[in-house]
Amino acid sequence: QAGVRPQFETNHMDPAKIGPWIVSHNLHRRHLTVSQRAALAVEYERVFAEEAKKRQIRKPFDSVVESLPQQNLAKASDEAGDLFNVSGRSVRDAKFVADNDPELAAQVKAGGKTVSAAAKELRNKNKPEETPQQKAAKEVARIRRQGSDYAAEVLKQLTQLLEDEME
């Protein structure tokens, strides 16, 4: 026993603000990567999105309208990102991963994969493979930027290759 009386402080706050207050006062104690913080922010993004929906509910036509200052127009993902000290884009990527592949989201939360790499992996997995014609058109566009004479020669070669492939 140290003989020191503990000091307590009572703080009355809005119940909706308690969670963000706890996060803001304790996040620095955790050694989390940006991706892990973004994965955690997804849960708060959903809370912020729900609050925004409630604010958007239309009032009856005959209700009194007050002229109030405009509210913050930030997206819910940006608000959650601010709370967890990450970008709104990272939160949106984490939400995309969580909604489409829970196993991959678990890897992100565990720190085994970055949120941007996981989102890119999912986007590429769902992307259809390019046809030879699409690949050729991209190559032609790239070469045209390099010079018209060279592009004409390569275009002739690519056309020949495509004709050979079609036969």
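Biologist: Where is glutamate 45 placed?

Modeller: Glutamate 45 lies in helix α2, a helix being a DSSP run (H or I) of at least four residues, numbered from the N terminus. This is a predicted model, in which local features need pLDDT of at least 70, side-chain atom pairs count only at pLDDT 80 or more, and totals for chains, interfaces and linings use all residues. Residues are numbered from 1 along each chain as its sequence is written, and side-chain values use heavy atoms, with hydrogens and water left out.

Biologist: Why is glutamate 45 called buried?

Modeller: Its relative accessible area is 9%, and buried means under 20% (exposed is over 50%, partly exposed in between, with a 1.4 Å probe and protein chains only). Glutamate 45 is therefore buried.

Biologist: Which residues does glutamate 45 contact, leaving aside neighbours within four places in sequence?

Modeller: Ala76, Ser77, Ala80, Val91 and Lys95, where contact means heavy atoms within 4.5 Å.

Biologist: What makes α4 and α5 oblique to each other?

Modeller: Helix α4 (residues 88-100) and helix α5 (residues 102-110) pack at an angle of about 135 degrees. Under 35 degrees counts as roughly parallel, over 145 as roughly antiparallel, 65 to 115 as roughly perpendicular and the rest as oblique. The two helices are therefore oblique.

Biologist: Which residues meet there?

Modeller: From α4, Val97, Ala98 and Asn100 meet Pro102, Leu104 and Ala105 of α5.

Terms used: Axes are lines fitted to C-alpha atoms, for helices over the stretch in contact, and angles run from 0 to 180 degrees between N-to-C directions.
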